[in-house]
Amino acid sequence: MPQQRSSTVRLRTSLYEEAVAIVAEEYERDLALDDIARRVASSRRQLQRAYAEIGNTTFRSHLTAVRMDAAAELLGRGPLTVREVAQRVGYRQPAQFAKAFRRHHGVSPSSYRARRRLAVHPRPPIRAAA
């Protein structure tokens with residue numbers, strides 16, 4: 001692969017960083033690559049290249065990872081239902097959210113919540129009757 005010019009690397013780094021900042025702030029909204037590209041004054045293809053070359057990922061994978069990390073945080077600390085968590089991180093359909101969560105974390109949202117609660121509040125050992 002040919003060496004990129006430093007100005008190209010700087011431009012793509014800037015595009016990537018701006019897009020990452022938008023995703024971090026607005027992940028709960030319905031975000032699309034075209035909209036982000038327009039907001040960072042870039043073409044769709046240039047932003048795709050920035051994600052690939054600078055972030056070693058895709059826009060969709062990055063957005064999903066941000067949403068799944070936020071969902072894990074919400075599931076681990078709050079009383080929200082899985083449906084409410086799904087909506088707060090940008091999913092309209094709880095089933096879609098659960099599928100994405102399972103793919104990302106390896107367990108269902110409710111199993112994740114149960115494991116986190118056990119890790120934070122372990123059960124006392126059972127004592128044998130005398």
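The model is predicted, with local features needing pLDDT of at least 70 and side-chain atom pairs counting only at pLDDT 80 or more, while totals for chains, interfaces and linings use all residues. Residues are numbered from 1 along each chain as its sequence is written, and side-chain values use heavy atoms, without hydrogens and water.

**Exercise 1.** State where confidence in the chain is lowest and where it is highest.

Solution. pLDDT is the predictor's confidence in each residue, from 0 to 100. The chain has a mean pLDDT of 90, with 88% of its residues at 70 or more. Helices here are DSSP runs (H or I, at least four residues), numbered from the N terminus. Confidence is lowest in helix α7 (residues 109-120), with a mean of 83, and highest in helix α2 (residues 33-39), at 97.

**Exercise 2.** Describe how α4 and α6 pack.

Solution. Start with the geometry: helix α4 (residues 59-77) packs on helix α6 (residues 94-105) at about 95°, the axes being 10 Å apart. Axes are lines fitted to C-alpha atoms over the stretch in contact, and angles run from 0 to 180 degrees between N-to-C directions. The two helices are therefore roughly perpendicular (65 to 115 degrees). Next, list the contacts (heavy atoms within 4.5 Å): on the α4 side, Ala65, Met68, Asp69, Ala71, Ala72 and Leu75 meet Phe97, Ala100, Phe101, His104 and His105 of α6. By class, this contact has eight nonpolar, two polar and one charged residues.

**Exercise 3.** Identify the helix that gives the most to the lining of the largest pocket.

Solution. α4 gives the most, with four residues.

Note on methods:
Angles under 35 degrees count as roughly parallel, over 145 as roughly antiparallel, 65 to 115 as roughly perpendicular and the rest as oblique. Ala, Val, Leu, Ile, Met, Phe, Trp, Tyr, Cys and Pro count as nonpolar, Asp, Glu, Lys and Arg as charged, and the others, Gly among them, as polar.
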